[in-house]
Amino acid sequence: MFRVCATALSVVLLTGFQTPDDGDDQYQYLFGLQREGMHELVVKEARAFLRDYPEHEKIDLARYRLALSLFELDQFETAAQSFTALTALDDFEFGQESWFRLGQCLLDLGQYSEASTAFERTAEGKGDYLSLAATFLLGEARFQEGEFERASRAYALVLSADDNDEYARDAAYGQSWCAFRLERFDAAARHVRSFLKTWSEDELADELNHLLGEAEMALGHPKEALAAYRSVVQGESRASALHGAGFALAKLGDHLEAARSFATLIDEYPSHPLCEEAALHLGIHLIEVDEHQNALTALHLPQVKLSPELYYWRARAHFGLGEHEPALQALTHAREANPSSELAERIDIARGDLLIKLGRAEEASRAYAKSESEYALYAAAMAHFRADDHEGAARLASLQLERFPTGEYSRHSQLTLGEALFALENYEAALEAFRTYLSGAAQSDDSGGAENHQARVRLGWCAFLLEDWAVAADAFAKASVGPDVSPLQAEALYMEARARDKQGRVEEAERAFVAYLEHYGDGVYAANALMSLAGYHSGEAGVRYLERLVREFPASDEAPLALNEWGERLLDIERFEDSRSIYRRLRVEYPNHELVAAATYGEAWACFALGVDEQSIELLRDFDRLAAPSTTLGLAALELRIFAADRMGRGELALQAWKPFASNCSDEDRLLACARTVAGLLERSEDYKSARAVMAEATRRLQLPANVAAARVEGAWLALSAKDLSGAKSELTEALSIAPKEPAVCEAAFFLGEARYEQGEDAEAIKWYRAAAEEGSPVADRALYMQGFARLRQKENQRAAASFQELVDRFDSSDLMGESLYLVGEAHFRDERFAESTRALGRLLEEYPGHSVASKALYRLGVAHCRLEQWRAGRSALADLARRFPEFEHGADAELWRGRALAAEGSSRAARQAFARVLKRDEGIYAARARLELGQLALAEDDVETALSEFLKVALLFGYEEEVAEAWLMSGQCLELQGKSAQAREQYKSLLEKYPNSSSADEALRRLER
């Protein structure tokens, strides 16, 4: 019975009412009975209610209760009548429920079309709680009608609902069967797998696993089908699953397991209808695995029905046992039992083959003749082929094809011809034979089967051996797929990968190699496939393939190759300890292999990478017994010894390896690199003599100008380290003659210049700085900078300015740019070229306002403007200096000039304030000059007394010749203005006596002579 939600449909209807009457009480009574499940009493009371209260307002509800209980009592026909009447009512509150129960009744009565209509009406209720249940039962009804497409749609709606827990399992089950019945086998397999994933332990699992096997077999997937069949362990589906598994195994070429599956079926279900076919196929597959005695026993089982095919296979079993006469008798029975034409042909050929085996050629000819002579030629060709008479087989097959070009066996002969030609290594002719055979297969829509796989594989091999990679890849690809699974497919898949690789289509080759390993992971080509895949991947991905190869195929020829490659890969990804272990494993497990030398070197390199330098050197100490120094590997070993010795600080070990390395290395770059390493090691131990000897030897062996120059530079560095400036000069002079603009040469020249500068040899330093300042030099800006300093030290201010200016012009992004602008300004300032100085200093402050020399630049800029009597600009710069750098070391002088600028602009008060700040900050010469300026301000304002006081303070309190002389002069002038000429003259005389060479002496003398 199709039941859904009985409790849900028995919702208590306590509708509101006024004062209850007898009818109400009676209705509530039958309602209570129904709630308690007392359906027989409900039927009795409901019928009484209908009789006694025909006009009661709950009359329809009573009919509904009656119908529900009839349904629960399985009285579907009577219940259906009641529900039909209720569905005809307008606006009945349980109209949807009535349609639903009507559908259930009709479904149980086998009235599927009418049930579908009822469920459709129920499902139309949008949001109704019965909609999902009705949709599910609609699917059930459609399925029973055979309307599988419509049933599937209903099941899909159920499965897409959010609250489908109650029906999901049955809907998924129904959907799987719908897809299978509609022959949508892909969908069926997908639905079954989805079901089994969710309900793996369900009682339906066995049935659906069998269904999955059937679908996969229909799709040509025997491997997947076998897995499904084997999942059926009990129940009604097991016999069918054993039967299906037998055929799946046969498709996979596993005849022994196929036989076992059929035998299990017969043993467990001896009376099952499938046993007759199973017994026959048990015998057939035992023959395929040469179990002829057991096959004969199986072919005599009571379940087997006598037939021409049975006699034929009995003959095959006898033949396999060497029982030729019984085999002939069985074939005679088979021929006399009215076989099909196809079987008759097989019987005749088998008789012919058997008679040939017995040496009864005439009888064999008569047997072949029954096939109207085409078979004779075919069978004869096959007999020659089996006897390894390939020329005879090719001749007879060609004759048959000539005489019967469209004969039934022409394709078979074409295949035999191809095989014979292939065996004769006539690959071009064989390729055409296989192409013709496969063309016939395509035209006859017979492109599957083992023979076609064989032909495609052979065609692929012909093309491969002829180096036609595209044709080979295509042929192998076609041969690698199909319903039949055989070793040929494994071979084809592997060879497809090789052909794709030869084509240069690496991605396709990789996919084929991966597919081979997925399907034939322990096949004969698995190690080769893994090695090829490792070649397509770097890093960890490639390592995983190599690791698998060594683990699964340690005895293969590829294993030591994989170990060596594995070690190299591990080195590349810096897994040095693992690499070391792998190389050691290769040396231990394959001590006589040609890769032992490479493995020893690899292990030494891993040790070196791990910092285990002593072990690295130890491994390479006697390496010349594995590889001569003149070989690539031998030279690399010497090179590694040098690097290891360098890191250990063992100069003597480095020298031991250096000598044979230098004698055998023709690669100048490597030679130079190793010379640098050895020389550097010796230099660190202050063995400058040996270090320079190594570099000198390298220089003698080098030919390329760039390398010779580089070696000369190294020699110069070594000479500098040894404090041999003359030697450094000699090396660099040679290097400059070869490569004057080479960065390394320029850099070395710079440091030679530095050495000369430190010794105070400025002229010599400037020469090398100039050489270091070439275009492209990495130290050109530094060289120009130091060249400028050397010239400043020689007081060549304008040449210094030119050096700094060149740096500014050429290297606007140099970190020396700002300071160089300052030094341009400074050099001009020193030569009192104030206009040029202000341009450089102004640019510096504009472009690098926060530079470390900004304070000095503001100071020099302010003073330079003042010296040019550009008072406003000077005052502005000096005011900015005071604001930004209040603690500037030359702040007193800066304030002095600021005061002068203010005075020149007529800002006397501000000028006095500036001079007062000078007096606070300084008690020396700047204080003297400030007082002189204060005196001048007072004098300009006719305050002669104050001016005289300031001048006398300078004259009496300070000891600076020029300032004191000026003070005496100005005090004399003040006395003159006061009318004290005699005292003034005494002042002038004192000035001339004490400071006759001062700049004020001439004016004092002039005033005395007036």
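Biologist: Let's start with Glu754: in which helix does Glu754 lie?

Modeller: Glu754 belongs to helix H42, which covers residues 743–758. Helices here are DSSP runs of H or I with at least four residues, and strands are runs of E with at least two, numbered from the N terminus. Please keep in mind that this is a predicted model, where local features need pLDDT of at least 70, side-chain atom pairs count only at pLDDT 80 or more, and totals for chains, interfaces and linings use all residues. Residues are numbered from 1 along each chain as its sequence is written, and side-chain values use heavy atoms, with hydrogens and water left out.

Biologist: Which residues is Glu754 in contact with, leaving aside its neighbours within four places in sequence?

Modeller: Contact means heavy atoms within 4.5 Å. With those neighbours set aside, Glu754 touches Tyr769 and Met786.

Biologist: And how far is Glu754 from Ile582 in space?

Modeller: From C-alpha to C-alpha, Glu754 and Ile582 are 52 Å apart, and 172 residues separate them in sequence.

Biologist: Which residues of H30 and H32 meet?

Modeller: On the H30 side you can find Ala527, Asn528, Met531, Ala534 and Gly535. They meet Glu558, Leu561, Ala562, Glu565 and Arg569 of H32. By class, this contact of H30 with H32 has five nonpolar, two polar and three charged residues. Here Ala, Val, Leu, Ile, Met, Phe, Trp, Tyr, Cys and Pro count as nonpolar, Asp, Glu, Lys and Arg as charged, and the others, Gly among them, as polar.

Biologist: Let me try another pair. How far apart are the axes of H6 and H8?

Modeller: The axes of H6 (residues 95–108) and H8 (residues 131–145) are 11 Å apart, and the two helices pack at about 25 degrees. That angle is why H6 counts as roughly parallel to H8.

Biologist: What residues make up the contact of H6 with H8?

Modeller: Look for Phe100, Gln104 and Leu107 in H6, which meet Ala133, Ala134, Leu137, Glu140 and Ala141 in H8. Sorted by class, the contact of H6 with H8 holds six nonpolar residues, one polar and one charged.

Note on methods. Axes fitted to C-alpha atoms, helices over the stretch in contact; angles between N-to-C directions. Parallel < 35°, antiparallel > 145°, perpendicular 65-115°, else oblique.
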